[in-house]
Amino acid sequence: MTTVTTQPKITWEKLPDDFPLPDDPVDNIDQPTLAAALSDSLEQTGRLHENMLVATNYGVCARLEGKFVVKAPDWMYVPRIEVSQENVRRSYTPHLQGDIPGIVIEFLSDTEGSEYSIKPTYPPGKWYFYEQVLRVPQYGIFEPEQGVLEMYQLNDSFHYVLQPPQEGRYWIEALGLSLGVWEGRKGNRQGYWLRWWDESGQLLPWGVELVEQERQRAEQERQRAEQERQRVQTLIEQLRAAGIEPEA
């Protein structure tokens, strides 16, 4: 892929309150579900804090050549913000309000090629905006029907380079976790998902999995208690058969 190298004039300004944000529907009904699942396991394992920003289909802005540009990644993680969550409720401006996103992820849409667009003119393409304007360190593009994940790493020349997977996963520096494709069911969706693994290779659980684990633990405890009750009852019956009345 040929990457445009011309650097635009960029300023980092807060988006005006009256700036009209795009209100387009998502291109695929699975996109909100896939994005929510990415955040779910991070939240369940205590990896999200108030000074971080995790967002879905949410505006990230910059001003290019005097014009505001807003892109809304399908999923985004910002390691640190320097303002309150209330101040970034509508949109987020890197450098002005905190760090640049550590990773953005797009789910391949029906709009062919939009995730790969290097169009530099206004309004710029997504690839160009993430690579040349925001300079996001890692950019993921996920095709959920076939379960194909492409992960791009920003090199020293500020160009994205396709990363090779390590045992099918990609190390995400900003989170200290690996990201990979997992096949299974969550809710009423059966298919491919993006999921997180920790440094030891343990899969980070979703909330629904933690609930199921607790249910199984409680059921095992109930069965253990029932087995113990039956053991004691058998012992009592054996003692009585031998003419011994057990103490209460």
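**Salt bridges, a sheet and a buried valine**

Arg231 counts as partly exposed, at 47% relative accessibility; by that term I mean between the limits for buried (under 20% relative accessible area) and exposed (over 50%), with a 1.4 Å probe and protein chains only. This is a predicted model, in which local features need pLDDT of at least 70 and side-chain atom pairs count only at pLDDT 80 or more, while totals for chains, interfaces and linings use all residues. Residues are numbered from 1 along each chain as its sequence is written, and side-chain values use heavy atoms, with hydrogens and water left out.

Let me stay with Arg231. Its salt-bridge partner is Glu228, and the closest N and O atoms are 2.8 Å apart. A salt bridge here is a side-chain nitrogen of Lys or Arg within 4 Å of a carboxyl oxygen of Asp or Glu. Glu228 is also partly exposed, with a relative accessible area of 33%. How far apart are Arg231 and Glu228 in helix H3? They are three residues apart, and so separated by about one helical turn. In general, an α-helix has 3.6 residues a turn, so residues three or four places apart point the same way.

Helix H3 itself covers residues 207-241, which is 35 residues. From its first C-alpha to its last it reaches 51 Å, close to the 51 Å expected at 1.5 Å a residue; the expected span is 1.5 Å times one less than the number of residues. Helices (H or I, at least four residues) and strands (E, at least two) are DSSP runs, numbered from the N terminus. Just after H3, Gly243 takes a positive phi of about 85°.

Arg195 is buried, at 1% relative accessibility, whereas Glu209 is partly exposed at 22%.

The structure holds 13 salt bridges. One of them joins Glu106 and Lys126, with the closest N and O atoms 3.4 Å apart. Glu106 lies in strand S7 (residues 103-107) and Lys126 in helix H2 (residues 126-134), 20 residues apart. Is Glu106 buried or exposed? Glu106 is buried, with a relative accessible area of 0%. Elsewhere, Arg80, Glu82 and Asp99 are linked in a network of salt bridges.

I turn now to the sheet that contains S13. It is an open sheet of three strands in the order S11-S12-S13, with antiparallel pairing; two strands pair if DSSP finds at least two bridges between them. Its edge strands are S11 (169-172) and S13, each pairing on one side only. S11 and S12 (residues 177-186) pair over four bridges, and Ile172 stands opposite Leu177 in S12. Helix H1 (residues 31-44) lies across S12 and S13, running at about 40° to S13. For such angles, axes are lines fitted to C-alpha atoms, for helices over the stretch in contact, and values run from 0 to 180 degrees between N-to-C directions.

Finally, Val60 is found in strand S3 (residues 59-64) and is buried at a relative accessible area of 1%. Leaving aside neighbours within four places in sequence, its contacts (heavy atoms within 4.5 Å) include Pro73, Tyr92, Phe129 and Leu134. The C-alpha atoms of Val60 and Pro73 are separated by 7.9 Å, with the two residues 13 apart along the chain.
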